[in-house]
Amino acid sequence: MIGVGKIKQYSNVLDKPLTRGKQEVSLSAFAFLFSELVQYNQTQVDNIGELERRLEDAGYAVGARVLELLCHRDKGNRRETRLLNILSFVHSTVWKVLFGKVADSLEKGTEHEDEYMISEKELLVNKFISIPKDMGTFNCGAFVAGIVRGVLDGAGFPAVVTAHFVPMEGQQRPRTTILIKFAEEVLRREARLG
C-alpha cells in the first residue's frame, strides 16, 4: 500500500507524548467543573480560609501528578535539582501544559531571599468567578497555588505557596500573584551547590 504510514502503538497511556493530539479541554466544561469543585467545598467549610485550604489541597494532588507525568514523558524521569531551574520549569513548562501559555512573569522577592512570585494578569481559575461581597478576599487562585506546591514538593523543593490579588493601575480586575516561600533547607542546599 503506497502512502500508508505505520502508526506507532503505545503500550501505556503514560508513554504517549504530550505534544501529540488535541490537548485542549472545553473552557466551558472546565469552568463548570471548577465551579462545582468550589461550590461543593464551600458547603463543607465555615470560613474563607478553610475553603482556600481545601482548594489548595485539591490543587496539590493535581500538581504532584502533573510533575510525575511531565518528568516521565518529557525528561526521561529526570527532575530539576536547582532552584532557578525548577522555578523556570513551573513558570514555563507546567504553566503551558495547564493553561496553554507561559505565566506572565516570574520575579524574585525584593524583601526576602527565599521568596519568588509568579504573576498572571488573568488567571484562568479567577477569570469566570464572581465573588459575593460576603466572601471578600476569597481567591480561587489557591487551587493553582496548590498545584505549584505539589510540583515543588514532588521535586524536593518544599515551600509555602499562597495566592494573592494585587491591584493593577487602570485595570478593573487585580492580577493574581502566586507567592512561593521556600523552606530553609532548600536555600541551604542551594548555597552548598553554589
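Author: Two strands are said to pair if DSSP finds at least two bridges between them, and helices (H or I, at least four residues) and strands (E, at least two) are DSSP runs numbered from the N terminus. This is a predicted model, in which local features need pLDDT of at least 70 and side-chain atom pairs count only at pLDDT 80 or more, while totals for chains, interfaces and linings use all residues. Residues are numbered from 1 along each chain as its sequence is written, and side-chain values use heavy atoms, with hydrogens and water left out.

Reader: What makes strand 1 and strand 2 a pair?

Author: Residues 105-108 form strand 1 and residues 115-120 form strand 2, with four bridges in the antiparallel sense between them; the definition asks for at least two, so the two strands pair. Ser105 has Ser119 of strand 2 as its bridge partner, and a hairpin of six residues joins strand 1 to strand 2.

Reader: Why is Glu115 called buried?

Author: The relative accessible area of Glu115 is 15%, and buried means under 20%, whereas exposed means over 50% and partly exposed lies in between (1.4 Å probe, protein chains only); Glu115 is therefore buried. Glu115 belongs to strand 2 and, with residues up to four places away in sequence not counted, has contacts (heavy atoms within 4.5 Å) with Lys108, Gly109, Leu179, Ile180 and Lys181.

Reader: How many of the protein's 194 residues, as a percentage, count as buried?

Author: Of the 194 residues, 32% count as buried, in a protein with six helices and four strands that follow the pattern α-α-α-β-β-α-α-β-β-α along the sequence.
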